[in-house]
Amino acid sequence: MKKVLLIIGAVVAVAVLLANLGSLLVLAISVAVGYYGLRKFVMTDSVGAKIGWGVVIGIGVCISLSNLPALIGLAALAALYYMYKAWKKDKEAEKFDFTL
């Protein structure tokens, strides 16, 4: 019964993950833009360049915050990971079960 519930949960989590795949992609791109801007901001010495890179960081953060539905996709990904771990744990327990 536990395996049936894990399979049903995994199917639901995959469906939610696939539904939010586009927003997850945009979230990844916006986080990359913000990270790149932060790296360049730290490395530059010019005040004008710091202002420019600060604007790039702000754009990345704004795009990230506008993709809050992507958090549902991240939660589905985390649920899939924990279901996979539970499935593997059941398989290992089954493998070493010597009871009759």
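## Helix α1

On one side of α1, Val11, Leu18 and Ala19 are exposed. The model is predicted. The buried residues of α1 are Leu6, Ala13 and Leu17. These three span an arc of only 40° around the axis, which puts them on the same side of α1. The exposed set sits on the other side.

Helix α1 covers residues 2–19, 18 residues in total. From first C-alpha to last it reaches 26 Å, close to the 26 Å expected at 1.5 Å a residue.

## Overall layout

The protein has four helices and zero strands. Along the sequence the pattern reads α-α-α-α. Of its 100 residues, 21% count as buried.

Contacts across the sequence are also worth a look. Take those between residues at least 6 apart in sequence: 73% of them join residues at least 24 apart.

## Helix α2

Helix α2 runs over residues 21–43. Its 23 residues should span 33 Å at 1.5 Å a residue. The end C-alpha atoms are 33 Å apart, which agrees.

Six residues of α2 are buried: Ser23, Leu24, Leu27, Ser30, Gly34 and Gly37. Alanine 28 also lies in helix α2. With a relative accessible area of 45%, alanine 28 is partly exposed.

## Helix α3

Helix α3 takes in residues 47–66, a run of 20 residues. The distance from its first C-alpha to its last is 29 Å, close to the 28 Å expected at 1.5 Å a residue. Ile57, Gly60 and Ser64 are the buried residues of α3. They cover an arc of only 60° around the axis, so they lie on the same side of α3. An α-helix has 3.6 residues a turn, so residues three or four places apart point the same way. The cover over the buried residues of α3 includes α2.

The face of α3 turned away from its buried side carries exposed residues. These are Val47, Ile51, Cys62, Leu65 and Ser66. At the N-terminal end, serine 46 caps α3. A side-chain oxygen of serine 46 lies 3.4 Å from the backbone nitrogen of glycine 48.

Serine 64 belongs to helix α3. Its relative accessibility is 18%, so serine 64 counts as buried. The cut-off for buried is under 20%.

Not counting residues up to four places away in sequence, serine 64 touches Leu27, Ser30 and Val31. Leu27 and Ser30 are among the buried residues of α2. With serine 30 there is a polar contact, side chain to side chain, at 2.9 Å.

Asparagine 67 sits in the loop between α3 and α4, the latter covering residues 70–95. At 13% relative accessibility, asparagine 67 counts as buried. Leaving out residues up to four places away in sequence, asparagine 67 touches Ser23, Val26 and Leu27. Ser23 and Leu27 are themselves buried in α2.

Alanine 28 and asparagine 67 are 39 residues apart along the chain. Their C-alpha atoms are separated by 10.0 Å.

## Aromatic rings and a charge

A pair of aromatic rings is described by the distance of the centres and the angle of the planes. The count here comes to two aromatic pairs. In one, the rings of tyrosine 36 and tryptophan 53 have their centres 5.6 Å apart and their planes at 80°, so the pair is edge-to-face. This pair links distant parts of the chain, with tyrosine 36 in helix α2 and tryptophan 53 in helix α3, 17 residues apart. Tyrosine 36 is partly exposed, at a relative accessible area of 47%. Tryptophan 53 is also partly exposed, with 23% relative accessibility.

The rings of tyrosine 81 and tyrosine 82 also pair, with centres 5.4 Å apart and planes at 65°, so this pair is edge-to-face. Tyrosine 81 counts as partly exposed at 46% relative accessibility. Tyrosine 82 is exposed, with a relative accessible area of 54%. Elsewhere, the charged end of lysine 50 sits over the ring of phenylalanine 41. The charged end of lysine 50 is 4.5 Å from the centre of that ring.

Note on methods. Residues are numbered from 1 along each chain as its sequence is written. This is a predicted model: local features need pLDDT of at least 70, side-chain atom pairs count only at pLDDT 80 or more; totals for chains, interfaces and linings use all residues. Side-chain values use heavy atoms; hydrogens and water are left out. Helices (H or I, at least four residues) and strands (E, at least two) are DSSP runs, numbered from the N terminus. The expected span of a helix is 1.5 Å times one less than its number of residues. Buried means under 20% relative accessible area, exposed over 50%, partly exposed in between (1.4 Å probe, protein chains only). The arc is that of the directions from the helix axis to the C-beta atoms. Contact means heavy atoms within 4.5 Å. A polar contact is a pair of N or O atoms within 3.5 Å; within protein, one must be able to donate a hydrogen and the other to accept it, and residues adjacent in sequence count only if both atoms are side-chain atoms. Rings of Phe, Tyr and Trp (its six-membered ring) pair if their centres lie within 6.5 Å; planes under 30 degrees apart count as stacked, over 60 as edge-to-face and the rest as tilted. A charge sits over a ring if NZ of Lys or CZ of Arg is within 6 Å of the ring centre and within 35 degrees of the ring normal.
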